[in-house]
Amino acid sequence: MRKKLALLLLFLFPLLLFSGKDPLWQRAEQIVKTSIIIDAHEDIPTTMLNEDVSVLRNKGHFDLPRAFMGGLTAPCFAIFTNHKYDNNHPAEFALRELANVYEFAFQHKDKVLIAYSYRDILKAKEEGKLAIIITMENSSPIEDPSQLLLWKRLGLRMAILTHMKTNKYADSSTDEEKWGGLSPEGKEMVKRMNQLGILVDVSHLSDKAAAQAIQLTTLPPVASHSDARALNDVPRNLPDYLIKAIAEKGGVIGVNFFPYFLSERVKGPWEEFWKKAGELRKQYGKEADEMIKKERKKLPNADIKDIVRHIKYMVNLVGVEHVGIGSDFEGISMAPRGFEDVTKFKNLVYELLKEGFTEKQIRMILGENFLRVFKKADEAYLKGKGSAF
Ligand SMILES: [Zn+2]
């Protein structure tokens, strides 16, 4: 009889898992439902130039229906300007993206709001809305620090001085060094951002530029979408000393989901692919598109467990209060297995529960840590000159 029962249980166990009755899954779902989930970097405004993200799409990583399905509270909408506009009216381009974001919020005001303060994030959660946090990637559209107040008034909460290339404000982690870190004007930008409560985001900055920005900022520094270099040695990932420097000033690092940043295992094939794609492009021009697409399909992917690995590494290094999520969704050409789009936060929570993280720790990683630094930024703004204007 006992044997029969054991056999029955053995048979039922996978069924239980499959039907979602696994208690860990139930806990994960509950945590997602009741947590503030902030994603510190999504390239949605770029997607919005050509796509309607208010309806379910069968591509990309974000749209409104999927965001609600996944329990996302507040994605950071990065106003991204390609470096090709750096000396060619970058503000015009950035404002086009921002105008789209405003129009989107206006058209769907029953479902979304723009978060001008951390309180708006809480309000959105309470009302079952999505809070849009406006951020910037490549600050070339801001011609000089005196324009920051206007951008603050337009909702800008966090900004990265540059992107893949060195610009007038800062050296990039993926380009030649020009300033030995931040330019004099870049330093002025950081000081003005501090007064206005705009968080200084060091993702994409060269190590020297990031170290200087972290030292100079009086607000908690952030790296919105960066992984740990100790686990995968690429220039876009942060070395331990920068992770520690961010933590020492109360900041937060959002773990990036790009497979090439996440996993040393996939790094080699991806680098070969980029080399080959460059050669094909040189040889065949536009006609290389199909060949490149075919090659891209063969690339190895990372896994949700790689995301967990980076989270665990940083938590062990500096503590759970300094780690968050910065998926880079809509800006990455491939998302890891298990976290394919914004519907999959529960998978991450499940994995973190399995690793022994407590509910409180998981909530911090999901969004409370970023909420804390946005609150600090609001306090600085209220104390500073900007709010009196
Ligand atoms: Zn980026």
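Visitor: At what angle do helix H2 and helix H15 pack?
Guide: This is a predicted model. Helix H2 covers residues 23-34, and helix H15 covers residues 345-354. Their axes lie 9 Å apart, and the packing angle is about 125°.

Visitor: Are H2 and H15 parallel, antiparallel, perpendicular or oblique to each other?
Guide: The angle is about 125°. Roughly perpendicular runs from 65 to 115, and roughly antiparallel needs over 145. H2 and H15 are therefore oblique.

Visitor: Which hand does the crossing of H2 and H15 have?
Guide: Look at how H2 passes H15. The crossing is right-handed.

Visitor: How many nonpolar residues are in the contact of H2 with H15?
Guide: H2 brings residues including Leu-24, Trp-25 and Ile-31. H15 brings Phe-345, Val-349 and Leu-353, among others. The contact has no polar residues and 4 charged ones. The nonpolar residues number 9.

Visitor: How are H12 and H13 oriented to each other?
Guide: Helix H12 (residues 264-284) and helix H13 (residues 289-297) have axes 10 Å apart. They pack at about 170°. Angles over 145 count as roughly antiparallel, so H12 and H13 are roughly antiparallel.

Visitor: Which residues of H13 meet H12?
Guide: From H12 come Phe-273, Lys-276, Ala-277 and Leu-280. By class, this contact has 5 nonpolar, no polar and 3 charged residues. The H13 residues are Met-291, Ile-292, Glu-295 and Arg-296.

Visitor: How far apart are the C-alpha centres of domain 1 and domain 2?
Guide: Domain 1 is 36-263 + 303-388, and domain 2 is 265-301. In their contact, 9 residues of domain 1 meet 7 of domain 2. The C-alpha centres lie 28 Å apart.

Key
Residues are numbered from 1 along each chain as its sequence is written. This is a predicted model: local features need pLDDT of at least 70, side-chain atom pairs count only at pLDDT 80 or more; totals for chains, interfaces and linings use all residues. Axes are lines fitted to C-alpha atoms, for helices over the stretch in contact, and angles run from 0 to 180 degrees between N-to-C directions. Helices (H or I, at least four residues) and strands (E, at least two) are DSSP runs, numbered from the N terminus. Angles under 35 degrees count as roughly parallel, over 145 as roughly antiparallel, 65 to 115 as roughly perpendicular and the rest as oblique. A crossing is left-handed if the near helix is turned anticlockwise from the far one by less than a right angle, and right-handed if clockwise. Two residues are in contact if their C-beta atoms, placed from the backbone, lie within 7 Å. Ala, Val, Leu, Ile, Met, Phe, Trp, Tyr, Cys and Pro count as nonpolar, Asp, Glu, Lys and Arg as charged, and the others, Gly among them, as polar. Domain bounds come from an automatic or database domain assignment.
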